[in-house]
Amino acid sequence: MVEQAMRIRMVWEEVTAAHWGRSSQEVKEALTVAASRWAVPIDERATTLTALYIANGSWE
């Protein structure tokens with residue numbers, strides 16, 4: 001469980017560091033690639049919502 005959480009965090013950090021404020025489609029593609037690389041299962045809805053959050057550049 002802890003290992004999975006660490007991999008999810010690595011996906012988040014990798015994508016936000018490189019794609020913060022970019023288009024949601026570009027962020028979504030980066031999320032998909034990173035999740036695959038880190039072996040993190042991610043569904044379409046979670047990918048879309050996370051991409052919008054990162055693309056808008058908001059922590060709130």
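Which backbone oxygen does the side chain of threonine 16 reach? Here are some friendly notes, with the answer in point 2.

1. This is a predicted model, in which local features need pLDDT of at least 70 and side-chain atom pairs count only at pLDDT 80 or more, while totals for chains, interfaces and linings use all residues. Residues are numbered from 1 along each chain as its sequence is written, and side-chain values use heavy atoms, leaving out hydrogens and water.

2. The side chain of threonine 16 reaches the backbone oxygen of glutamate 13, at 3.3 Å. Threonine 16 belongs to helix 1, residues 2–19 (helices are DSSP runs of H or I, at least four residues; strands are runs of E, at least two; both are numbered from the N terminus). Threonine 16 counts as buried because its relative accessibility is 11% (buried means under 20% relative accessible area, exposed over 50%, partly exposed in between, with a 1.4 Å probe and protein chains only).

3. The protein chain has three helices and zero strands, in the order α-α-α. Of its 60 residues, 25% count as buried.

4. Now to helix 3, where Thr47, Ala51, Ile54 and Ala55 are buried. These residues lie on the same side of helix 3, because they cover an arc of only 95° around the axis (the arc is that of the directions from the helix axis to the C-beta atoms). Their cover includes helix 1 and helix 2 (24–37); contact means heavy atoms within 4.5 Å.

5. Just after helix 3, glycine 57 takes a positive phi of about 65°.

Methods: Polar contact = N/O pair within 3.5 Å; in protein donor to acceptor, adjacent residues only side chain to side chain.
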